[in-house]
Amino acid sequence: MLNDTTLPSSYMKEVRIGGVAQIGFSGIMSGIHKRTVGSRLRIGFEGLVGDRQVETFHGGREKAVLQYDVGHYAAWAAELPEISGLFKAGGFGENFVVSGMTEANVCIGDYVRAGTSLLQVSESRQPCFKLNHRFGHQAISRQAQATGRTGWLYRVIEPGDVGPGDTISVVDRPLPQWPISRLQTYLYDLVDDLDMAEQISRLSHLSPGFRALFSRRVENGKAEDWSDRLSNGALAIRPTVWFEAEITEMREEARDVRSYQVQRVDGKPLTAFTAGAHIDVKVNNGWTRSYSLCDLPRPEGYRIAVGNDRCGRGASKFIHEHWKVGDRFLASEPRNHFGLSEDAQRHLFIAGGIGITPFLSMIKALEERSEPWALHYLSKEMERAAFSADLLAKFPKQVFMHITRGEKANRLDLAGLLDTAPVGTHVYCCGPTRLMTALRNYTKNWADGAVHFEAFAPAQPRDLADCASFNVTLAKSGQVLSVHENTSLLDTLEAAGIAVSSSCRSGTCGSCQVRYIQGIVDHRDMYLSREGRQSQIISCVSRGRSDLVLDL
């Protein structure tokens with residue numbers, strides 16, 4: 001409870017509104033870019049006239065206006081001097097730039113007179129990964145949550161006008177025992193206090209969304225996992241060419257597998273690519289996911305296929321439930337980490353489930369080049385084996401199906417297949433981590449470059465007993481970081497604000513490799529050659545058997 005009975009009052013330094021634009025190179029659209037307005041603006045029940053948001057869960061009546069204390073920027077600049085120039089009014093996407101009103105002296109339910117409008121504090125702002133991209137720092141969202149410097153949101157009780165120089169004052173306080181900072185304590189820190197969670201769920205002035213959040217916590221007996229909200233992967237540290245794509249065709253390819261044909265909205269020609277390439281897509285304007293291009297370049301558009309992974313991270317489920325013809329999203333220009341080898345005398349493809357997708361374009365390319373190939377395709381059920389009917393019809397002597405039905409006895413005999421492979425064979429594998437790990441182990445003595453892997457799903461972690469914590473020292477700064485047993489080196493570097501490029505996050509593409517200077521590495525990737533492992537570590541999956549010194 002606040003002991004000071006004086007209700008906070010200040011004046012409006014700036015009023016800001018904005019449209020929708022991309023954040024840096026991220027490919028993420030946001031309304032966080034807001035410009036200051038010198039004239040008076042109308043505030044309606046949905047917020048300031050002319051202010052826009054991308055997602056429906058931003059804005060609306062319970063999140064109509066965002067306020068942030070301008071005094072917070074000095075604290076940010078002191079904590080992160082290397083990017084101090086970015087911390088200035090409007091940086092957090094606020095509508096109201098005000099000094100002297102903070103999360104410590106403003107309460108949930110406060111009635112606030114701003115110009116001629118009457119507002120009410122509805123909830124604390126929950127920082128998300130967009131702040132990381134906004135400031136080019138991997139840990140801003142987590143740091144904002146940890147420090148409580150988040151800002152807060154208003155619902156509009158009485159519409160009115162507001163402009164710079166207007167008075168903004170708390171005029172009534174129904175919940176003096178609930179400053180925003182106290183709510184944040186139970187929201188983020190004392191998450192096991194279910195009795196208090198139940199009490200908070202009944203606060204009538206709190207937004208319905210927050211009340212429902214605490215109700216679910218009581219019902220489930222546990223706090224939420226907000227890792228996806230706080231980080232959506234590595235920051236874009238180099239320009240990525242994104243374009244707006246539209247779905248022009250959708251087909252059911254198998255049970256829980258759907259393909260999507262996309263074209264550029266601007267009508268420009270699609271960029272050519274080579275067999276095995278993929279594109280990145282922004283799913284729900286947040287997740288970045290990679291999908292193989294299922295066909296060689298053609299004017300009708302790019303085609304990708306998405307398997308509905310019900311136990312995955314959520315993107316494929318969202319695509320299957322929401323994407324339809326006519327929908328638009330951002331996609332990247334094609335990239336290829338999984339191209340055909342020019343040195344191979346024969347190509348042997350091993351696909352597991354949705355891992356069939358990159359091989360479709362590869363097979364077409366090899367047919368055009370009249371080079372020998374064979375495909376071994378594993379699936380639990382024939383009904384789930386996408387594109388299998390077409391492959392079997394066209395290439396009955398080169399395509400071999402292995403339908404496991406979940407039985408170990410029906411799995412592919414890797415030893416028998418590889419032991420009889422002719423000299424000069426190159427092996428390509430895309431599928432579940434277990435399949436690729438088995439192949440990697442069996443071919444560890446093969447010549448470097450003769451085995452190729454592709455995966456777009458994170459590797460399954462080993463037992464924690466096999467993932468001991470270790471420290472890494474960054475040679476260029478002397479900073480020491482602890483990599484905990486249930487955290488990857490890549491995640492640890494990102495959380496510390498160290499920019500490392502990444503893509504697959506499964507140890508197959510090599511994007512996140514980092515040079516190490518000292519230490520013993522437990523190499524768990526499927527990318528590095530024996531020579532590469534003498535100096536490089538794939539930070540998304542590999543770990544230290546001892547403490548490491550990195551060339552960072």
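Student: Hi! How many bridges pair β14 with strand β15, and in which sense?
Tutor: Hi! In this predicted model, β14 and β15 (residues 257-264) are joined by eight bridges in the antiparallel sense.

Student: Which residue stands opposite Val 257 in β15?
Tutor: That would be Ala 254.

Student: And what sits between the two strands?
Tutor: β14 and β15 make a hairpin with two residues between them. Asp 256 lies in that turn and has a positive phi of about 65°.

Student: Nice. Which strand does β14 join through five bridges?
Tutor: Strand β19, residues 328-332, which runs antiparallel to β14 (residues 242-254). Across that pairing, Phe 243 stands opposite Ala 331 in β19.

Student: Back to phi angles. What is phi at Phe 387?
Tutor: Phe 387 is not a glycine, yet its phi is positive, at about 70°. You'll find Phe 387 in the loop between β21 and α10.

Student: Is Phe 387 buried or exposed?
Tutor: Phe 387 counts as buried, because its relative accessibility is 15% and the cut-off for buried is under 20%.

Student: OK, and where is Arg 405?
Tutor: Arg 405 is in the loop between β22 (399-403) and α11 (414-419). Arg 405 also has a positive phi, about 50°, without being a glycine. Its relative accessible area is 62%, so Arg 405 is exposed.

Student: Switching to charges: which residues gather in a patch of positive charge on the surface?
Tutor: Lys 380, Lys 408, Arg 411 and Arg 434.

Student: Where is Lys 380, then?
Tutor: Lys 380 is in the loop between β21 (373-379) and α10 (388-394). Lys 380 is exposed, with a relative accessible area of 58%.

Terms used: Residues numbered from 1 in each chain as written. Predicted model: local features only at pLDDT ≥ 70, side-chain atom pairs only at ≥ 80, totals over all residues. Heavy atoms only, no water. Patch = residues over 30% accessible without salt bridge, like charges linked within 9 Å, V, L, I, M, F, W, Y side chains within 5 Å. Areas by Shrake-Rupley, 256 points an atom, 1.4 Å probe, with all protein chains shown as cover. Salt bridge = Lys/Arg side-chain N within 4 Å of Asp/Glu carboxyl O. Lys, Arg positive; Asp, Glu negative; His and termini not counted. Charge placed at Lys NZ, Arg CZ, Asp CG, Glu CD. Helix = DSSP H or I, 4+ residues; strand = E, 2+ residues; numbered from the N terminus. Buried < 20%, exposed > 50% of the residue type's maximum accessible area, 1.4 Å probe, protein only. Pairing = 2+ DSSP bridges.
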